[in-house]
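Here is a friendly walk through one protein chain, with a look at how its parts pack together. Have the viewer open as you read.

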Amino acid sequence: MNRQQDSEGVILTGYHLNTETKSTSINCQDEGDHIPILSRRSGHYNVHSHATNAVEKRPYSRCSSQDSLDDLSMDDYWTEVENMDKTRSNDQEQQEEVLVKVPDDGELEEEWLKEAGLSNLIGDPLADPQESIVLLSTLTRTQAAAVERRVETLKQTLRKKNKQYQVPDVRDVFGLSGAQNTKLSDNDDVPAERSENGKQDVVSDEMTRSVTQDVSKQMRTVENENVTNVSGNVRNHPKQDVAVSETDINLEISFSEQAVSFKEKLKNTKAQDDEDDAHLPDFKLPKDKTGTTKIGDLASQDMKKVRSLALIELTALFDAFGIEFKALKSVKSKLKESGLFGVPLTTLLEQDQKKVQGTRVPLILHKIISHIEEEGLETEGLLRIPGVATRVKTICEELEAKFYEGTFVWDSVKQHDAASLLKLFIRELPHPLLTLEYLNAFIAVQKLPMKKQQLQALNLLLLLLPEPNRGTLKALVEFLQRVINNREKNKMTLKNVAVVMAPNLFMCKGVRSKASDQQEFAVATGTANIVWLLIRYQNVLWTIPKFIVNQVRKQNMENQKKMTKERAMKKLLKKMAYDREKADKHEKNLTESDSLQGVIRVQAPQFTKVSMAIQLTEELKASDVLARFLSQESAVSIKREELSLFEIGGNIGERCLDDETYMKDLLQLNPSAEWVIKSRSR
């Protein structure tokens with residue numbers, strides 16, 4: 001990169017690509033534009049000196065999400081891109097291929113419905129219609145509208161293509177008859193969502209009444225300091241519960257419903273310009289007496305439901321602000337099946353788990369991070385100053401040959417070389433860590449008008465990531481925060497780290513694009529802003545919203561009704577199990593009797609066969625239950641921090657409780673649950 005610098009400084013004009021390369025674009029912040037995925041294969045970077053009289057006017061248009069980074073010099077960003085190119089060999093460049101495609105018309109909606117768990121709506125013979133019915137019955141109004149739009153768009157697209165493909169009528173999806181087509185009243189507490197053709201979305205009378213009433217109640221809870229339980233009944237809490245403030249992330253009400261309700265208010269609100277880390281909004285999660293659910297706290301069967309709901313909710317949130325994103329699809333190509341660098345995360349974890357059972361973060365990434373921390377995080381310019389390219393390449397080759405054998409000598413690896421290795425590992429993944437499918441959506445987050453909504457969207461996107469990607473990303477951002485904690489010595493502030501890491505996370509290997517200078521600067525500042533949010537608010541983002549957990553509970557209750565009927569029929573044919581069923585029923589009656597008397601029975605099958613009876617009080621927390629168990633079981637050698645109390649069964653599969661969960665409140669939410677103490681596997 002050629003630099004021409006005078007006394008007035010420098011100004012970035014763009015990253016210019018070979019005009020013959022193929023183009024893959026992402027929705028841009030400016031209406032009608034597209035944000036390109038930056039390519040690392042071809043092109044060059046130009047930085048030109050500017051005249052004094054040009055200083056006042058910026059060569060790009062501002063976006064609300066850029067407020068935090070516009071005044072920050074982006075030189076480090078482009079220097080990082082240049083250093084990235086230096087670490088890539090010519091052989092690697094020649095092997096690089098275009099890995100993505102934009103889905104055709106109609107294909108996008110089909111993929112969306114499949115991802116949302118609604119495959120039967122597109123005629124999938126393997127899909128269970130009952131699952132779709134249960135899922136649809138738990139949707140909020142805005143979520144239902146998002147599904148309706150995709151079904152209707154798919155139907156219209158196929159009609160244009162003259163395809164004989166059976167797609168249900170929107171009214172059939174939500175159980176409507178011709179006489180039941182109704183519109184939401186203008187007097188409803190929440191404004192009616194409008195579809196693309198300008199008409200109000202149509203839902204059934206029953207859904208309209210139940211959803212509108214539920215949303216109305218939920219919105220009033222914000223003002224009246226109430227909490228809504230899973231059945232929709234409102235119950236007052238003591239006066240010490242405070243109303244939701246501007247810096248509270250409300251997890252009880254659907255994000256998209258909040259967006260629709262407050263859209264007019266937020267439309268004219270300008271995002272605050274945060275000059276430094278100390279002045280960032282301190283977003284937090286209000287205390288929930290039934291416990292905060294972190295990502296990783298739910299069992300896999302419930303997480304599958306969470307993922308479907310998160311996709312529908314994210315789409316509804318984007319719909320509320322007219323934001324569109326197209327999920328990219330990877331083209332099948334030959335991938336490495338072994339090694340460390342350039343290996344798919346799933347493949348890498350499979351080979352790691354053969355070495356260390358239960359591994360959730362690649363061993364090589366864990367070791368690189370550990371080595372950097374052992375050498376000290378006070379090194380000035382850590383992550384910003386690159387290692388020596390030839391030396392980094394040699395280290396990579398040695399690691400490929402010696403890492404799993406345990407013969408690689410880490411003592412000789414310098415700090416900046418190790419930091420370059422970490423970034424190299426992330427960007428050399430054959431598919432982006434943020435996934436190719438949702439890379440567009442991550443970038444589109446910056447189009448949301450307020451930081452709170454951007455955080456809500458990022459929260460939903462993290463729920464959509466595959467578990468290997470999510471675990472690796474979590475380990476990465478936690479490490480980056482520890483680097484920032486040492487900023488007084490290493491001179492790496494939150495903004496510095498975000499700018500340096502953004503190209504490593506967002507420059508998709510093998511994707512080429514054409515882009516103007518303005519678009520290149522927009523994507524640079526925009527992606528740096530996303531990384532900035534991921535690091536700064538990670539304690540908020542790695543949480544499953546309560547409204548989604550409640551929707552999962554509702555789905556489980558509906559499924560249990562079906563299973564109960566099936567189980568009743570089977571019991572008639574299994575007389576041999578009579579005694580066992582009678583004993584189970586007797587035990588269940590005892591448990592229910594205890595619950596009515598304010599007593600729960602806690603089991604710890606890993607440590608003892610005897611259940612422990614606990615008398616409930618208003619202030620009894622999960623941490624108190626664990627403390628009582630440890631005081632009685634002196635033979636237990638496991639550490640306190642490795643133990644957790646779990647909520648199992650009833651209207652949830654399995655949920656790890658946080659220490660601040662009030663047991664009496666949770667029992668009212670799930671009276672049929674069992675309570676088990678066991679070691680935490682995270």
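Which residues does leucine 399 touch, not counting residues up to four places away in sequence? Leucine 399 touches Leu340, Phe341, Ile364, Phe408, Trp410 and Leu421. Please keep in mind that this is a predicted model.

**The nonpolar cores**

Together with Phe318, Leu399 has the most contacts inside the largest nonpolar core, which has 130 residues. At least three residues of this core come from domain 1 (74–86 + 332–544), and at least three come from domain 2 (101–162 + 249–265 + 283–327). As background, nonpolar side chains in soluble globular proteins tend to be buried together.

For the chain overall, 52% of the 682 residues count as buried. The chain holds 25 helices and 16 strands. If you take the contacts between residues at least 6 apart in sequence, 78% of them join residues at least 24 apart.

**Two helix pairs**

Two packed helices are described by the angle between their axes and the distance between the axes. Here are two pairs to find in the viewer.

| Helix pair | Axes come within | Crossing angle |
|---|---|---|
| Helix 10 (residues 300–320) and helix 16 (residues 451–464) | 8 Å | roughly 150° |
| Helix 13 (residues 389–402) and helix 14 (residues 415–427) | 10 Å | roughly 65° |

Let's begin with helix 10 and helix 16, whose axes cross at roughly 150°. That angle makes helix 10 roughly antiparallel to helix 16, because angles over 145 degrees count that way. Their crossing is left-handed. On the helix 10 side, the contact is made by Val306, Arg307, Ala310, Leu311, Glu313, Leu314, Leu317 and Phe318. Helix 16 contributes Gln453, Gln456, Ala457, Leu460, Leu461, Leu463 and Leu464.

Leaving aside neighbours within four places in sequence, leucine 314 is in contact with Ala457, Leu460, Leu461 and Leu464. Leucine 314 and alanine 457 are 143 residues apart in sequence, yet their C-alpha atoms are 6.2 Å apart in space.

Now for helix 13 and helix 14, whose axes cross at roughly 65°. These two helices are therefore roughly perpendicular to each other, and helix 13 passes helix 14 in a right-handed crossing. Arg391, Val392, Ile395, Cys396 and Leu399 make the contact from helix 13, meeting Asp417, Ser420, Leu421 and Leu424 of helix 14.

**Residues in the loops**

Where is valine 413? Valine 413 sits in the loop between helix 13 and helix 14, and is buried at a relative accessible area of 4%. Outside the four places on either side in sequence, valine 413 is in contact with His371, Ile395, Phe408 and Ala418. Valine 413 and histidine 371 are 42 residues apart in sequence and 8.6 Å apart in space, C-alpha to C-alpha.

Two other loop residues have a backbone angle to check. Leucine 383, in the loop between helix 12 (363–375) and helix 13, has a positive phi near 80° although not a glycine. Leucine 383 is buried, with a relative accessible area of 0%. Threonine 435, in the loop between helix 14 and helix 15 (439–444), has a positive phi of about 75° and is not a glycine either. Threonine 435 is buried as well, with a relative accessible area of 10%.

Notes:
Residues numbered from 1 in each chain as written. Predicted model: local features only at pLDDT ≥ 70, side-chain atom pairs only at ≥ 80, totals over all residues. Heavy atoms only, no water. Core = buried A, V, L, I, M, F, W, Y, C linked by side-chain atoms within 4.5 Å. Buried < 20%, exposed > 50% of the residue type's maximum accessible area, 1.4 Å probe, protein only. Domains from an automatic or database assignment. Contact = heavy atoms within 4.5 Å. Axes fitted to C-alpha atoms, helices over the stretch in contact; angles between N-to-C directions. Helix = DSSP H or I, 4+ residues; strand = E, 2+ residues; numbered from the N terminus. Parallel < 35°, antiparallel > 145°, perpendicular 65-115°, else oblique. Left-handed = near helix turned anticlockwise from the far one by under 90°.
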